[in-house]
Amino acid sequence: MSGNTEPHKEEAVYVYEAPVRIWHWVNAFAILVLCLTGYLIGSPLPSVPGDASGYFLMGWIRYLHFSAGYILAFGFLFRIYWAFVGNSHAREIFVPPVWKRKFWEEMWHEILWYLMIARRPLAYEGHNPLAQLVMHVAFVWAIVFLIFTGFALYGEGAGMGTWVHTLFSSWIIPLFGQSQDVHTWHHMAMWVVICFVIIHIYVAVREDIMSEQSIISSMFSGWRTFRNGRPKDHGY
Amino acid sequence: MAETFYEVMRRQGITRRSFLKYCSLTAASLGLGPAFAPQIAHAMETKPRIPVLWLHGLECTCCSESFIRSAHPLAKDVVLSMISLDYDDTIMAAAGQQAEAIIEETIAKYDGNFILAVEGNPPLNQDGMSCIIAGKPFVDQLRHVADHCKAIISWGSCASWGCVQAARPNPTRATPVHKVPGIADKPIIKVPGCPPIAEVMTAVITYILTFDRFPELDRQGRPKMFYSQRIHDKCYRRPHFDAGQFVEQFDDEGARKGYCLYKVGCKGPTTYNACSTVGWNGGLSFPIQAGHGCFGCSEDGFWDKGGFYERLTDIHGFGVEANADEIGGAAATVVGVAAAAHAAASAVKRALHKGDDQ
């Protein structure tokens with residue numbers, strides 16, 4: 001095609017506003033802490049020796065889990081707020097345009113791209129349709145589920161009459177039947193998020209190398225650069 | 001008009017002084033302030049003893065066994081002075097025709113003014129034939145008495161949730177009282193446990209009779225005063241949990257030192273009951289104190305929540321038995337391997353087509 005004759009044309013678009021970028025990394029860190037401490041709450045470390053009064057290991061693990069949970073939850077609330085006041089890209093993961101034909105057609109192209117059948121990916125300023133849908137289901141809803149079940153379990157310890165118990169535990173625990181099932185589902189949802197994270201990181205690295213736009217550096221700088229010119233049609 | 005509690009107690013030779021002491025003690029055991037003692041005394045002097053019909057469905061009688069061991073108040077005081085236990089086929093003297101006649105007698109005499117206490121639950125399959133009382137399915141007796149009672153006490157996990165006879169696959173379709181189709185819409189108080197703690201049972205009765213209403217209930221219909229906290233919240237081994245000291249096996253050093261039983265499957269963190277505060281057998285002990293984890297007998301469906309000695313519940317339906325972390329870990333491994341394979345394939349493809357565009 002071109003290469004040697006045409007001049008190299010690199011364009012950039014400001015996609016991820018600063019609050020979104022800060023949220024992304026705070027959220028990523030919170031998820032890391034939550035998964036590690038959460039796993040250790042379900043399957044604790046080997047016992048520490050000596051007198052109980054000298055240790056607070058499980059206490060600290062739980063404290064970290066709850067703190068990171070608060071950060072995740074309030075960060076998520078802020079992120080929803082930013083979906084309203086931020087630019088159009090801030091809304092993408094919350095409302096994938098599933099009612100649009102073009103969305104599904106381009107998703108099919110994206111699937112072909114990952115099956116290595118399509119030779120070239122489409123370029124997008126924001127998320128591609130497949131990414132958008134996966135983020136909506138396996139991230140947004142999984143996180144909502146984890147926040148609700150998480151606070152329901154937290155409210156059990158906080159006790160009846162506390163706001164956490166009233167807002168979450170009082171109806172979520174009976175909804176599942178009892179506390180044990182809420183624990184089980186909370187674990188399952190964690191693994192959904194872990195699977196999401198594996199795919200998310202892999203795909204971000206792959207697209208950064210193989211597609212014609214920047215991915216990883218965009219989440220640091222906010223700018224998305226296009227190696228072969230910005231897409232003319234970027235919406236649905 | 002039935003006798004009042006006070007009249008019955010005086011007739012039994014109890015002095016007024018002892019009666020007032022009893023009222024104060026009852027107020028204290030219910031967690032009420034001193035101002036409530038005269039209220040209890042007043043209620044007992046003026047209110048007639050409420051008749052109680054205690055029906056038995058599919059059950060093991062552990063609720064009754066627990067009940068008769070109550071120390072504060074003594075079960076005999078409850079049965080002889082506080083309530084008029086008109087029918088309880090397990091502990092009543094009458095049998096056969098005489099016993100069954102009492103039910104109709106009570107309904108005729110106190111229609112809408114007696115308490116129905118249910119121990120066990122009715123099976124619904126085979127037209128209820130798996131539990132026959134006096135020649136008829138128990139479910140019929142239950143519905144009939146429920147039609148005429150004032151309120152229902154669901155004793156134990158059977159009546160409250162279903163318990164062992166309702167465990168998967170529940171062949172007789174044993175059904176807890178509040179889910180029995182066609183049962184009268186009466187207030188139901190659940191007192192779950194297998195069995196419930198004796199003092200909890202007698203305290204619930206005392207409260208209902210004293211104040212003429214149920215104690216405050218949670219969303220699932222359990223009295224908050226006994227079921228608002230988990231075993232874990234008040235467990236005397238909690239410091240070992242917070243420190244991170246666990247029994248790994250029942251014969252290890254941790255078990256001898258009384259460490260937390262979390263890792264050997266204690267369900268204290270998910271079980272709402274008063275064992276760790278009230279205790280059993282007059283406060284002598286409770287399972288964790290005896291060195292065995294709680295297995296959550298007062299929780300809904302506790303027989304179906306995996307092994308009693310495992311912390312996480314096994315999930316069925318994947319063709320294998322595995323807990324959430326095993327299933328999730330396997331899924332994450334599959335995703336990770338798939339990502340790595342995809343990355344390798346992408347690299348190979350890119351290498352093969354390198355230069356195609358140029």
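This is a predicted model: local features need pLDDT of at least 70, side-chain atom pairs count only at pLDDT 80 or more; totals for chains, interfaces and linings use all residues.
## Where the chains meet

Start with the interface: 39 residues of chain A are in contact with 46 residues of chain B. On the chain A side, the elements giving two or more residues are α2 (57–85), α4 (129–158), α5 (163–176) and α6 (179–210). Of these, α6(A) gives the most, with 15 residues. Sorted by class, that side of chain A has 22 nonpolar, 15 polar and two charged residues.

## Two helices of chain A

How are α4(A) and α5(A) arranged, at what angle and how far apart are their axes? They pack at about 110°, with the axes 8 Å apart. An angle of 65 to 115 degrees counts as roughly perpendicular, and α4(A) and α5(A) are therefore described that way.

From α4(A), the contact uses Phe148(A), Thr149(A), Phe151(A), Ala152(A), Tyr154(A), Gly155(A), Glu156(A) and Ala158(A). Val164(A), His165(A), Phe168(A), Ser169(A), Ile172(A) and Ile173(A) come from α5(A).

## Domains of chain B

Chain B is assigned domain 1 (49–227), domain 2 (231–311) and domain 3 (325–353). The centres of domain 1 and domain 2 of chain B, taken over C-alpha atoms, are 28 Å apart. Where these two domains touch, 15 residues of domain 1 of chain B are in contact with 14 residues of domain 2 of chain B. On the domain 1 side, α9 and α10 (224–227) of chain B each supply at least two residues. That side divides into 10 nonpolar, two polar and three charged residues.

## The nonpolar cores

The largest nonpolar core holds 86 residues, and those touching the most other members are Leu53(B), Ile115(B), Leu116(B), Ala117(B), Val118(B), Ile153(B) and Val204(B). Helix α9 (residues 198–211) of chain B gives the largest share, nine residues. Domain 1 and domain 2 of chain B both give residues to this core, so it lies between them.

Take Val118(B) as an example: leaving aside neighbours within four places in sequence, its contacts include Leu55(B), Leu142(B), Ile153(B), Trp155(B) and Val177(B).

## Helix α7 of chain B

Which residues of helix α7 (residues 138–148) of chain B are buried? They are Phe138(B), Val139(B), Gln141(B), Leu142(B), Val145(B), Ala146(B) and His148(B). The cover over these buried residues includes β1 (50–56), α6 (96–109), β3 (115–119), β4 (132–133), β5 (136–137) and β6 (151–155) of chain B.

How values were computed. Residues are numbered from 1 along each chain as its sequence is written. Chains are lettered from A and ligands numbered from 1 in the order in which they are written. A residue is buried if 20 or more other C-beta atoms lie within 10 Å of its own, exposed if 12 or fewer, and partly exposed in between; C-beta atoms are placed from the backbone. Helices (H or I, at least four residues) and strands (E, at least two) are DSSP runs, numbered from the N terminus. Two residues are in contact if their C-beta atoms, placed from the backbone, lie within 7 Å. Ala, Val, Leu, Ile, Met, Phe, Trp, Tyr, Cys and Pro count as nonpolar, Asp, Glu, Lys and Arg as charged, and the others, Gly among them, as polar. A nonpolar core is a set of buried Ala, Val, Leu, Ile, Met, Phe, Trp, Tyr and Cys residues joined through C-beta atoms within 7 Å. Domain bounds come from an automatic or database domain assignment. Axes are lines fitted to C-alpha atoms, for helices over the stretch in contact, and angles run from 0 to 180 degrees between N-to-C directions. Angles under 35 degrees count as roughly parallel, over 145 as roughly antiparallel, 65 to 115 as roughly perpendicular and the rest as oblique.
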